[in-house]
Amino acid sequence: MYRPLGALAVLALSTSALAQTAPQSAPVAAQTAALNAKLAAPLPADQAAMKAHVLFLASDAMKGREAGSPEFDIAAQYVAAQFYAAGLRPGGDAGGYLQTVPLVSYKAASKGDFVWTGRGPAQPLVFGEDYVPAANGAKAETSVSAPVVFVGYGIDAPQYGQDDYKDVDVRGKIVAYFGGAPARFGGEERAFFGSGGTKAAIAQAKGAVGVITLESPRSAKVRTFAKIAESYATPRMTWANPDGTGKVDAPRAPSLGTVSMVGAAKLFAGARTPWTRIAKQANGDNAKFTSMPLLGTLTVATKTSFVPAASSNVVGMIPGSDPVVGKEVVVLSAHLDHIGITKPVKGDALNNGALDNAIGIASLIEEAKRFTASGQAPKRTIMFLAVTGEEKGLVGSDYFTNHPTVPLSSIVADVNLDMPILTYKFEDMVVFGAERSTIGPIVQKAVAAIGVGLSPDPMPEEGIFVRSDHFRFVQKGIPAVFLWPGQKGPGKAAVAYFMANNYHKPSDDLSQPILWDQGVRFVDANYRIAREIADGAQRPVWNAGDYFGTLYKGPMAPTGYKGPMATTGTTK
């Protein structure tokens, strides 16, 4: 059962009353009067409901809703109460709305030791000049001594003709690779293969016992090695195993650290291809490397410290009415957390997270109310899932898909609501993943019903499809989509402004010109999608040959089927 609203929540809810009775300075009084006037402006009931959720969740009292904080717990209680009011059944632990997510924060506990033994005597590498250690979320102490093999980008992607492990044996060895992926890869696949977790998982599958990332001239322009060294002990967070260690992508091939270009020159001494040539190649967009063993052994010892924490996902359900497909589940997800208190920007350090993602949670709640108010139970079960830890690396959704509160095999689709930018009247929508599965025609129909069309991904280089909570469902083979208002008309300038000035900054608050009527339109589109998936004759499947559907062994359309979306020209 979820816990009662705590004293901190009572204090937060009483703040406005105290503000009305406490003496105020003239500037504060003027600001209060302006805020009260803004809040008093009448709105239609559906818009007012959305705004009310955001007013609470993005208030200063919530302190940015960081996963593991007391304020996040209050926000979770609020969402649970709203699910109850909307008529949803509990779908969490022990008959309640909350699913406890055990968390662990971990960080490097020492500067570690890196020793390179090449053709000459053992050569200790220098912290901050040659290397920076990585924390290992799976172990308090890590000790590895093994030969090193350079594997270029560390990618095995046959569809792109890229197999960096083709001519080398890395079993029992440490692999060294550059970050990123070649520019010729598609945007979403490029982001996927460029991630450290994917690279480490590939290395582990090939038998490696550790990985190191090499600095390149390109990466040095983005972030200097000195900056990496300064932040080597910055805590990271993941969900915790029963023994208190953290879940990591490749526990048998942990990331050992990053080696600078200066350090790499030492490791590549005498190698078949000199470091100077490798570094020059790494400066290009589509570098092609020759993988090769390096002439020596790297001995690494690092320490990691752990601090346990806890948070919650919030789960509400509308049971399916159909005797055949009623046990199948359509998930609607949104992340509840934000980034909390950070370095001040213009004197403000509190990141309210109004658009990222209080408004996504508000949309989730209002969509639930639409289902229950419709009077028509969906044929399939609908799950409304507010997750924690998205900002920590999709942690809450990863925990849920590994510890689902319903059989994982029963989940047929995920529709994700994350950071819709609603500061303009949108004239189109972008649906990441629409062209990958049979959900595509459904979203096309839904957005047309609200008077807009679908547009291609306007920033494919960002690889957004792999960067929000729906991707954790994709990794279990479940078709998923993620909607944003599009960039036609005023959209391009509005999105660019938000990303440049407000994204992950304290200014993502209620001072933004949020258009609540556009929030209602956004809810409408998502409701139509979820309703059609829930009531459809067939469960969604991946389009034939889709990369992620194939990789994660999801249900696939028959060979040769491409779906209506493939011929409309509306998606990339």
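A residue is taken as exposed when its relative accessible area is over 50%. By this criterion Lys-346 is exposed, because its relative accessible area is 87%. The model under discussion is predicted. Lys-346 belongs to the loop between β15 (341–345) and β16 (348–350), and its phi is positive, near 55°, although the residue is not a glycine. Lys-63 is another non-glycine residue with a positive phi, in this case near 50°. The loop that holds Lys-63 runs between α3 and α4 (70–85). With a relative accessibility of 42%, Lys-63 is classed as partly exposed.

Helix α3 (residues 45–57) packs against helix α11 (residues 354–373), with axes that come within 9 Å and cross at roughly 135°. The angle makes α3 oblique to α11, and the crossing is right-handed. On the α3 side the contact is formed by Asp-46, Ala-49, Met-50, His-53, Val-54 and Leu-57. Their partners in α11 are Ala-354, Ala-358, Ile-359, Ile-361, Ala-362, Ser-363, Ile-365, Glu-366 and Lys-369. Sorted by type, the residues of this contact comprise 10 nonpolar, 2 polar and 3 charged.

Helix α3 also meets helix α16 (residues 516–535); here the axes come within 9 Å and cross at roughly 100°. The two helices, α3 and α16, are therefore roughly perpendicular to each other. Asp-46, Gln-47, Met-50, Lys-51 and Val-54 of α3 are in contact with Trp-516, Asp-517, Gly-519, Val-520 and Val-523 of α16. This contact consists of 5 nonpolar, 2 polar and 3 charged residues. Asp-46, Met-50 and Val-54 of α3 take part in the contact with α11 and also in the contact with α16.

Of the 20 residues of α11, 16 are buried, so this helix is largely enclosed by the rest of the structure. Asn-357 is located in α11 and is joined to Asp-356 by a cis peptide bond, with omega about 5°. Gly-375 follows α11 and has a positive phi, near 75°.

Between Gly-375 and Val-474 there are 99 residues of sequence separation and a C-alpha to C-alpha distance of 31 Å. Val-474 is part of helix α14 (residues 470–474). Its relative accessible area of 0% falls under the 20% limit, and Val-474 is therefore buried. When residues up to four places away in sequence are not counted, Val-474 touches Phe-465, Ala-480, Trp-542, Phe-548 and Tyr-552.

The largest nonpolar core has 137 residues, and the members that touch the most others are Phe-268, Phe-384 and Met-429. Apart from neighbours within four places in sequence, the contacts of Phe-268 are Phe-150, Leu-214, Thr-273, Trp-275, Ile-278, Met-292 and Leu-294.

Definitions and conventions:
Residues are numbered from 1 along each chain as its sequence is written. This is a predicted model: local features need pLDDT of at least 70, side-chain atom pairs count only at pLDDT 80 or more; totals for chains, interfaces and linings use all residues. Side-chain values use heavy atoms; hydrogens and water are left out. A nonpolar core is a set of buried Ala, Val, Leu, Ile, Met, Phe, Trp, Tyr and Cys residues joined through side-chain atoms within 4.5 Å. Buried means under 20% relative accessible area, exposed over 50%, partly exposed in between (1.4 Å probe, protein chains only). Contact means heavy atoms within 4.5 Å. Axes are lines fitted to C-alpha atoms, for helices over the stretch in contact, and angles run from 0 to 180 degrees between N-to-C directions. Helices (H or I, at least four residues) and strands (E, at least two) are DSSP runs, numbered from the N terminus. Angles under 35 degrees count as roughly parallel, over 145 as roughly antiparallel, 65 to 115 as roughly perpendicular and the rest as oblique. A crossing is left-handed if the near helix is turned anticlockwise from the far one by less than a right angle, and right-handed if clockwise. Ala, Val, Leu, Ile, Met, Phe, Trp, Tyr, Cys and Pro count as nonpolar, Asp, Glu, Lys and Arg as charged, and the others, Gly among them, as polar.
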